[in-house]
Amino acid sequence: MARCPFGTQRTRRFIPWASIAIPGAGWLLFGLYPSLATIGYSFTRYSGLPGTPLNFCGMCNYHAAFTSLSDQLWSAVRVTLIYVVGVTVLQNAIGLGLALLLNRSGRSYTFYRALIFMPQIFSVTVVGAVFALMLDPYSGPAEKVVHGLFGTDSAFLGSSSLALPLVMLVNVWMFSGYSMLIYIAGLRNIPASVYEAAAMDGAGRFRTFRHVTWPLLASATTVNVFLTAMGTLGEYALILVLTGGNFGTKTLGLYMFQSAFGADSQLGYGSMLAMLQFVLTVVIGGGLLYTLRRREVAL
Amino acid sequence: MRPRITVTLTAATVCLAGALTGCSSSSSDNSGGGSTTTLNIAEWTNPGAIQFTQWLSAKFEKAHPGVKIKLQQAPTANGAWGTLWNSLLQSKSVDLLALQAPTQAGFAPGYTSLKAQGAAALIEAGQLVDLKDQPFMKNYDPTMQAAMAGRNGHIYGVMAAEYSAAGAMWYKKDLLAKYHLDVPTTFQQFLDECETLKKAGVTPIFVSGKDGMQGGVWQGVMNQMLMQGKAPADSVKVGSDRADAFWKGTQSWTDPVYREASARYEKVMKYIEPNAAGVAQLTAPGVWASKSDDYPFLLDGSWDGAVIQQANPKLNMGFFTMPGTDDAAANRLTLKPDLTWVVPTSAKNKTLAMQWLTMFSEPENYKEWLKQTGSVSTQPALQNTGLSWMDWQNAHMTDAFPQLSSPWVPAGAPLDAGGPDFYKLTPIGKDSVDTILNRSASAYRKSVAG
């Protein structure tokens with residue numbers, strides 16, 4: 001009998017348990033512990049700096065957020081909601097459009113799909129820095145294009161009316177390829193026979209899309225809408241690099257980051273904001289899943 | 001059997017987690033192998049300062065065989081530097097660290113219930129080594145060092161750099177000469193010069209409005225107005241009295257001095273470049289330097305001298321503090337406390353860190369530091385360098401004063417609470433002075449009420 005490469009029968013019994021223990025330890029350390037610590041820190045005035053005291057203060061941060069600092073909180077929540085809705089709708093619309101356009105065989109289509117997906121693999125910081133340079137009104141190319149086309153100029157990311165839409169567009173540019181791939185997977189799951197039946201019934205392109213493709217893409221839509229909304233709810237890095245949260249672009253995620261790690265350096269207050277963001281995420285995520293699942297069943 | 005398995009599994013998981021925790025918190029800072037010791041230095045990215053630190057570190061390594069210096073840096077933009085130094089302290093893997101001077105304003109009085117932040121929090125928690133009795137401290141002014149990095153009779157850092165920030169203004173000497181203009185000495189003269197330049201088809205001022213550099217105008221005017229007729233040494237008291245009065249509600253952002261500073265700010269802002277709101281601080285000095293026929297003035301701190309010179313080595317540039325009042329004597333240079341070297345108590349190589357600071361503080365090396373960074377000297381025995389753009393600054397050092405500290409605001413407070421929000425104030429934003437100041441006053445009261 002050949003010798004087993006995984007040790008004796010006695011030691012082999014531990015392999016399944018070790019397989020659970022190793023990821024379990026990772027989860028304890030990198031999942032559960034930071035989560036519990038965040039909850040704990042939210043009741044303190046901890047600076048987050050090593051060796052500094054925790055300064056337990058009970059509900060002080062929650063109290064301040066809903067009383068003395070409520071304007072700042074509601075402003076961040078409002079911007080977050082606009083950002084989430086805007087990006088989710090636009091990214092899914094563009095992702096779906098691209099999927100319909102590029103869901104064909106052939107090397108050129110593979111190339112285009114890869115090209116459109118590519119921004120997804122770049123670092124958010126790099127993308128943000130590149131777009132910040134491109135949108136600089138004096139040294140960036142965007143000003144020349146806008147001036148050439150419309151004979152006008154703009155402060156772009158320094159404009160209170162344009163900054164948020166521009167940040168949303170950069171976000172959509174970066175992640176539309178991801179939505180496209182999910183929609184393509186959904187499109188490929190639709191049986192050809194359904195389209196043949198629709199064609200025999202005399203349905204045109206629009207009617208086929210409306211009554212066949214769109215309903216049968218329900219599960220892909222659920223996944224896409226849920227992932228996009230959850231991803232954008234916590235977004236802060238891209239906004240930080242593009243505008244620093246100025247000109248009406250401070251989301252709850254960015255407010256949290258700046259409170260915890262910015263000049264304020266108050267991890268306690270930032271942790272409290274992270275808890276509020278968690279609640280917002282649960283409410284929006286839960287609501288979305290419930291609605292989209294019901295829609296899937298209804299279809 | 002089942003309970004045994006469960007217990008074994010739990011124990012294994014916890015042990016592994018513990019082992020991983022141990023791995024994550026341990027630091028490998030000084031074992032490059034064999035007899036090599038690594039001195040870990042961290043500093044934020046400022047081209048001149050980094051260049052000097054690399055130069056001095058090479059010299060230090062030569063003088064200390066077996067010592068290797070590892071310099072880590074990150075830009076201050078987007079919180080990168082804050083994240084780096086916090087991580088280095090958490091992992092106990094830094095021996096010498098550059099921090100912003102905490103100053104006495106970092107320690108808000110007990111009645112505010114505010115907790116210290118940044119370097120001040122580290123000092124209060126006993127995380128920094130007392131440098132007071134180190135021999136190299138004799139090269140610096142002990143009173144100034146105590147005011148900038150001291151607490152309860154101890155000095156926890158050596159402030160090596162000071163810059164001009166409030167009202168700081170770079171100018172193109174040749175361009176002013178072309179229009180027969182001098183460095184202005186009063187606020188009205190400055191406005192008149194801007195008007196002359198504007199009529200000649202030149203945009204007078206270039207500023208990064210995207211990163212709030214326009215606030216320097218307001219800060220400069222406000223500092224000069226509040227310090228009018230006062231000795232430079234009074235600035236600490238003026239700042240702390242003001243912070244105290246704000247907290248107690250006897251002063252407010254709607255007071256006449258702030259209305260006047262805002263009105264003057266608006267007058268200056270008429271002369272900035274269009275779309276200044278979209279210009280980032282990262283690109284502003286380079287764009288300004290490269291356009292030698294336009295924008296005679298640049299609103300930017302004196303720390304950017306090396307960046308401007310690198311962008312256009314041929315530029316004949318000068319520097320002055322914008323006159324904020326019509327009394328020339330009141331228009332003084334304000335200095336912003338800046339880079340301060342600290343040694344964490346967790347440092348593995350404290351002795352080497354002290355030796356590095358000793359070498360840094362030697363007059364010949366410190367003089368090179370001043371030359372590379374454009375900083376104002378914090379060593380009384382050393383005059384500022386002969387950098388060509390420092391002529392105005394050198395002539396105005398005698399009555400220069402440290403920039404006034406800001407009123408205390410709680411963490412998470414809106415930008416408005418700490419003063420006018422220049423992103424919303426015209427012309428960068430759309431709100432009027434009245435709206436902005438009323439909002440600031442209200443935001444301040446509301447944020448401290450909690």
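Here is a chat about a predicted model with chains A and B.

Colleague: Hi! Let's begin with the sheet in chain B. What is the strand order?

Modeller: Happy to. The order is S9-S10-S8-S11 in an open sheet of four strands, and the pairing is mixed.

Colleague: And which strands sit at the edges?

Modeller: Strand S9 (205–207) and strand S11 (317–321) of chain B, each of which pairs on one side only. On average, neighbouring strands of this sheet are turned by 30 degrees against each other, with direction ignored.

Colleague: In what sense do S8 and S11 of chain B pair, parallel or antiparallel?

Modeller: Antiparallel, over five bridges, with S8 covering residues 168–172 of chain B. To pick out one pair, B:Lys172 has B:Met317 in S11(B) as its bridge partner.

Colleague: Nice. Switching to the interface: how many residues of chain B are in contact with chain A?

Modeller: 43 residues of chain B, and they meet 49 residues of chain A.

Colleague: Which helix of chain B gives the most to that side?

Modeller: H1(B), with eight residues. Helix H1 (2–25), helix H3 (80–90), helix H4 (118–124) and helix H16 (433–449) of chain B each supply at least two residues there.

Colleague: Now the largest nonpolar core. Which residues touch the most other members?

Modeller: A:Val167 and A:Leu242, out of 166 residues in that core. Helix H8 (residues 163–188) of chain A gives the most to this core, with nine residues.

Colleague: Where does the core lie relative to domain 1 and domain 2 of chain B?

Modeller: Between them, because domain 1 (37–162 + 337–401) and domain 2 (168–332) of chain B both give residues to it.

Colleague: What is A:Leu242 in contact with, leaving aside its neighbours within four places in sequence?

Modeller: Its contacts are A:Gly128, A:Phe131, A:Ala132, A:Leu157, A:Val167 and A:Val170. There is also a second, separate core of 12 residues, with A:Leu96, A:Met180, A:Leu217 and A:Ala220 among them.

Colleague: Last one, B:Lys371. Where is it placed?

Modeller: B:Lys371 is in helix H14 (residues 363–373) of chain B.

Colleague: Why does B:Lys371 count as partly exposed?

Modeller: Because 17 other C-beta atoms lie within 10 Å of B:Lys371, while buried would take 20 or more and exposed 12 or fewer.

Colleague: And what does B:Lys371 touch, beyond residues up to four places away in sequence?

Modeller: B:Thr385 and B:Leu387. As for B:Gly386, 15 residues apart from B:Lys371 along the chain, the two C-alpha atoms are separated by 8.0 Å.

Definitions and conventions. Residues are numbered from 1 along each chain as its sequence is written. Chains are lettered from A and ligands numbered from 1 in the order in which they are written. This is a predicted model: local features need pLDDT of at least 70, side-chain atom pairs count only at pLDDT 80 or more; totals for chains, interfaces and linings use all residues. Two strands pair if DSSP finds at least two bridges between them. Axes are lines fitted to C-alpha atoms, for helices over the stretch in contact, and angles run from 0 to 180 degrees between N-to-C directions. Two residues are in contact if their C-beta atoms, placed from the backbone, lie within 7 Å. A nonpolar core is a set of buried Ala, Val, Leu, Ile, Met, Phe, Trp, Tyr and Cys residues joined through C-beta atoms within 7 Å. Domain bounds come from an automatic or database domain assignment.
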